[in-house]
Amino acid sequence: MKPTRIWDLLSLALLAAVATWLLVRVSYGSLPPIPIYAGASLYPVALIEVVLAFVIRARVRGHAIGPGPRQLHPITAARAAALAKASALVGAASAGVWAGFLVFLWPQRSEFRAAVSDSPGAIVGLVAAVLLVVAAMWLEHCCRTPDEPPDEPAH
């Protein structure tokens, strides 16, 4: 499995931002208000991934890899890496969605009260999505084997 590329995440976020901006621009009047906790569900996921990353990193550094007790099973590390890759994609897409909302809402703040009340929820969601991407990338980094060579530049 290849490491997640930052450019892939940025491209996904940009695509989601543009699509969201277009959709919100057309249908903002029919959307429900954005509560402050709308994007907050990503915070616990990011926290769990950070804790998991520290546990995996400690086991890998301590050479506690194997099927025994108090050891990290290789399948568990592979599952954590898959979780990290999926979470990075979800976080990037979510960041794009919240960024698209904010790009639409910010200029509208002087004209519409709804834009002012929707902005905090979009900011909370954007921060949560970025933190999820960072946590996922950290988890993916911690799942690498110690003798793995550094990433080769793409040709």
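How many helices and how many strands does the protein chain have? Four helices and zero strands. Helices here are DSSP runs of H or I with at least four residues, strands are runs of E with at least two, and both are numbered from the N terminus. Read from the N terminus, the order is α-α-α-α.

A word on the source. This is a predicted model, in which local features need pLDDT of at least 70, side-chain atom pairs count only at pLDDT 80 or more, and totals for chains, interfaces and linings use all residues. Residues are numbered from 1 along each chain as its sequence is written, and side-chain values use heavy atoms, with hydrogens and water left out.

Overall shape next. The radius of gyration of the protein chain is 19 Å, well over the 15 Å that the globule rule gives for 155 residues, so the chain is more spread out than a compact globule. That radius is taken over C-alpha atoms, and the rule is 2.2 Å times the number of residues to the power 0.38. Along the principal axes, the C-alpha atoms fill a box of roughly 60 × 40 × 20 Å. Of the 155 residues, 35% count as buried. Buried means under 20% relative accessible area, exposed means over 50%, and partly exposed is in between, with a 1.4 Å probe and protein chains only.

Now contacts, meaning heavy atoms within 4.5 Å. Take those in the protein chain with a separation of 6 or more: 80% of them join residues 24 or more positions apart.

On to helix packing. Two packed helices are described by the angle between their axes and the distance between the axes. Axes are lines fitted to C-alpha atoms, for helices over the stretch in contact, and angles run from 0 to 180 degrees between N-to-C directions.

First pair: α2 and α4. Helix α2 covers residues 42-61 and helix α4 covers residues 113-142. They pack at an angle of about 15°, with axes 8 Å apart. The two are therefore roughly parallel to each other. The classes are: under 35 degrees roughly parallel, over 145 roughly antiparallel, 65 to 115 roughly perpendicular, the rest oblique. The crossing of α2 past α4 is left-handed. Left-handed means that the near helix is turned anticlockwise from the far one by less than a right angle; clockwise is right-handed. On the α2 side, the contact includes Leu 42, Val 45, Glu 49, Phe 54, Ile 56 and Arg 57. On the α4 side, Val 124, Leu 132, Trp 138, Leu 139 and Cys 142 are among the residues. By class, that contact has 21 nonpolar, no polar and two charged residues. Nonpolar covers Ala, Val, Leu, Ile, Met, Phe, Trp, Tyr, Cys and Pro; charged covers Asp, Glu, Lys and Arg; the others, Gly among them, are polar.

Helix α3 spans residues 74-108, and its axis comes within 12 Å of the α2 axis, crossing at roughly 150°. This crossing is left-handed. Leu 42, Glu 49, Leu 52 and Ile 56 of α2 meet Ala 80, Leu 83, Ala 84, Ser 87 and Ser 94 of α3. The count by class is six nonpolar, two polar and one charged.

Helix α1 is residues 6-27; the two axes come within 7 Å and cross at roughly 40°. Here the crossing is right-handed. Among the residues that meet are Leu 12, Trp 21 and Arg 25 in α1, with Leu 89, Gly 96 and Phe 101 in α3. This contact has 16 nonpolar, three polar and one charged residues.

Now some single residues. Ile 56 sits in helix α2. At 1% relative accessibility, Ile 56 counts as buried. Beyond neighbours within four places in sequence, Ile 56 contacts Leu 72, Ala 80, Leu 139, Cys 142 and Cys 143. Its C-alpha is 7.2 Å from that of Leu 72, 16 residues apart along the chain.

Is Tyr 28 buried or exposed? Buried, with a relative accessible area of 14%. Tyr 28 lies in the loop between α1 and α2. Setting aside residues up to four places away in sequence, Tyr 28 touches Phe 104, Leu 105, Ala 114, Ala 115 and Asp 118.

Neither is a glycine, yet His 63 has a positive phi of about 55° and Arg 70 one of about 65°. His 63 counts as exposed at 63% relative accessibility, and Arg 70 counts as exposed at 69%.
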